[in-house]
Amino acid sequence: MSNKTFIPAFQCNVGDWKYYICTMKYGEVARQVQFAFELGKNDELGQLIQRGITSRTKEITDYILTSEHRFLGGLVIAAWGGEPTYTPLSIDDPDGFLKGLDRGFGVLTFDGTQAYFVLDGQHRLKAIKDACRKNPDIGKEDICVLIVTHYDTTDGRVRTRRLFSNINRNAKQTAIAENIALDEDDALAILTRRLLEEHLFLSEPRRVRVILSTTDDGEVKLAPGSVPQSDPKALTTFTVLYDLLKSLAYDQPKEIQDRAHRPDDDLLEAAYSVFVQRLDDLFKHCGDIQTKLEAATNAKDIRAPRNQEANGHPFMRPVVQKAVARAVSEIVTEELLTWPEVMTRLEALEWSMGAAPWIAVFSPDSGKMLTGKDNTELLVRLLRVHLAPESKSDIQRARKSYKDIRGGMYPISEEDLTKNLVTGGKPEM
């Protein structure tokens, strides 16, 4: 007996996509359409093509089962393995009243060998599957389905990720972490993922926190912008790495900073080389953090030594990483110092968490981080007067801000900070 399924469908074209509009019975959807994590691993950025399923599907299931007014929006599903079979049909209309109305109309054939996964509407799909198990009669109802083709290749995954990202960006805003993981047009997201795969240091296992956990239902929990004090390997998170690239892109072409349009490969390659060099410089001149981490058996001993948190390394803290990248980028952009000059001055700072300027975001008394907006802005201001103060009044204002926010005198004197004054983009002699 044939296991083929025939579905009336319209063939459509938009942009560089060909897709099919059709209706399917809930029962057919429940049997034929799967989730991406059922077809392949969903725990790596290169294969992360949809968000995980959350517990909110129970509400949708109950709605399907109990409401006589139930209605669900359509699903977007991808055909895994290439084009489905499509047979065009024409309408028998000898009088010509319906001329042109059969354009693109035909039959889509599921032959039983191809696999299909939901690209948009995974919560609705889960609810349909659950509802059909509880009440098989629900399987007779209809839902609109848009079918696109997906190829399990590098280029195919890029296209599918882009489609997912675009659908959700223009419909319901995705979380920042999801956009970075999936976006194929935002150059900084693309380059963040490439760093995780290719950078000699950042690509080391667990050096950058990306995915915290996955569940049997395919739910993926992505890392936020913080690193637990006890983490044994991580330097940073991939969302923070993205923020660092945003700061370090200060002189890059506008195409690299345009989130909506993917730059050409040459621009991406050139930008990648710049970012690698700048990150390597930071890892070296910010307390030689790369060497220290590679030599350590546990990153916690560098981040926050037991009972000696004030001796921890500041660049192990994402709030410090972002503040440093922002401050040095501003200084170079304003032509107060060149990049090599500001790196030299960075290296001269005391890279201990209990020292200035890091005490803007750390309390030596309690051993706790202070990550409020006022504290993070204070750190950037203090970094600027440590590295490239433009005037004595800038120094005075920064020291006063410290007193207002932290409630004490700043431990570095105005006289000492004045030694680094810059004028006209060059340090005073």
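**Aromatic rings and their partners**

I keep in mind that the model is a predicted one.

I then looked up how many aromatic pairs there are, and a search of the whole structure gave seven. For Phe-201 and Phe-283 I noted ring centres 5.4 Å apart and planes at 70°, so I recorded this pair as edge-to-face. The two residues belong to distant parts of the chain, 82 residues apart, with Phe-201 in the loop between α7 (187-198) and β9 (208-209) and Phe-283 in helix α10 (residues 265-285). I wrote down Phe-201 as buried, at a relative accessible area of 0%, and Phe-283 likewise as buried, at 3% relative accessibility.

Returning to Tyr-250, I found its ring paired with that of Trp-339, with centres 6.5 Å apart and planes at 25°, so the pair is stacked. Because Tyr-250 lies in the loop between α8 (238-248) and α9 (254-257) while Trp-339 lies in helix α14 (residues 339-348), I noted that this pair ties together parts 89 residues apart in sequence. Trp-339 itself is buried, with a relative accessible area of 12%.

Last, I looked up charges over rings. Arg-278 lies over the face of Trp-339, 5.6 Å from the ring centre, and the charged end of Arg-194 sits over the ring of Tyr-272, at 3.7 Å from its centre.

Definitions and conventions:
Residues are numbered from 1 along each chain as its sequence is written. This is a predicted model: local features need pLDDT of at least 70, side-chain atom pairs count only at pLDDT 80 or more; totals for chains, interfaces and linings use all residues. Side-chain values use heavy atoms; hydrogens and water are left out. Rings of Phe, Tyr and Trp (its six-membered ring) pair if their centres lie within 6.5 Å; planes under 30 degrees apart count as stacked, over 60 as edge-to-face and the rest as tilted. Helices (H or I, at least four residues) and strands (E, at least two) are DSSP runs, numbered from the N terminus. Buried means under 20% relative accessible area, exposed over 50%, partly exposed in between (1.4 Å probe, protein chains only). A charge sits over a ring if NZ of Lys or CZ of Arg is within 6 Å of the ring centre and within 35 degrees of the ring normal.
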